[in-house]
Amino acid sequence: EHCSMSSLGIIRPKRKREIEGVGSSSIIDLKASLFQAEEEVKRAKASGKPLPAKQLVVKQPQTKNKGVEERAHRDQIAIEQQLNPTESLNSKMQQYNTMTSQGYMDSKEQFLVDFEQKKWVEASSSSAGRAAAIDVTPESVVQEHVGESDAGDVLSELSEQTRSAGARADELRKRRLEAAKKRMQLKKATS
């Protein structure tokens, strides 16, 4: 006849299952607590006394997680920097200035600023700033190209052209505004 192990009363041992995030010392503590509770229940049943209502006491872990103290130290430093924002801003400004002056190549594209382009723009603007130091006014340009005798006539002609162009632009702006109003009235009428 065929006999199974369970029919003979033999129980196979269960496989240990690893529980993620729970260490073996915690499991042993839980097993010890469970054993103590079972023993108390057995004693209470044997003596015939009712079990007192107990609140669950959670035992604090005896070991600390790795890196907790280091993270707490970093958090404390971050809090101190938040309390002193000028220090943080100064260090960021210094880092930014270093990156722009050296033309930092962002191969990973992690920054929103193109530091290489910024370097060239600043270099060209500094040379333009030197050119701005030279006297560049409309009068000086006209005198240089036309000569001093005709400069007054050319400048008056230029100012007249500027005024007439401004008047034409104002007139065009008014016509466009009137056309837009007419379109709005037509839309209102059709709807």
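At what relative accessibility does aspartate 170 count as partly exposed? The value for aspartate 170 is 37%, the class lying between buried (under 20% relative accessible area) and exposed (over 50%), with a 1.4 Å probe and protein chains only. The model is predicted, with local features requiring pLDDT of at least 70, side-chain atom pairs counting only at pLDDT 80 or more, and totals for chains, interfaces and linings using all residues. Residues are numbered from 1 along each chain as its sequence is written, and side-chain values use heavy atoms, with hydrogens and water left out.

The chain contains 6 helices and 0 strands, assigned as DSSP runs (helices H or I, at least four residues; strands E, at least two) and numbered from the N terminus. Buried residues account for 5% of the 191 residues. Of the contacts (heavy atoms within 4.5 Å) between residues at least 6 apart in sequence, 3% join residues at least 24 apart. The accessible surface, from the Shrake-Rupley method with a 1.4 Å probe, comes to about 18400 Å², and carbon and sulfur atoms contribute 56% of that area.

Helix α1 (residues 24-47) comprises 24 residues and reaches 35 Å from its first C-alpha to its last, close to the 34 Å expected at 1.5 Å a residue; the expected span is 1.5 Å times one less than the number of residues. Glycine 48, with a positive phi near 80 degrees, follows α1.

Ser88, Met99 and Thr100 are the buried residues of α3. Viewed down the axis of α3, these buried residues fall within an arc of 95 degrees and so line one face of the helix, the arc being that of the directions from the helix axis to the C-beta atoms. The face turned away from the buried side of α3 carries exposed Glu87, Gln94 and Gln102.

The structure holds 4 salt bridges, each defined as a side-chain nitrogen of Lys or Arg within 4 Å of a carboxyl oxygen of Asp or Glu. In one of them, aspartate 170 pairs with arginine 173, the closest N and O atoms being 2.7 Å apart. Because aspartate 170 and arginine 173 are 3 residues apart in helix α6, about one helical turn separates them. Arginine 173 is exposed, at 54% relative accessible area. Another salt bridge joins arginine 163 and glutamate 160 (3.2 Å, N to O); arginine 163 is exposed at 51%, whereas glutamate 160 is partly exposed at 44%.
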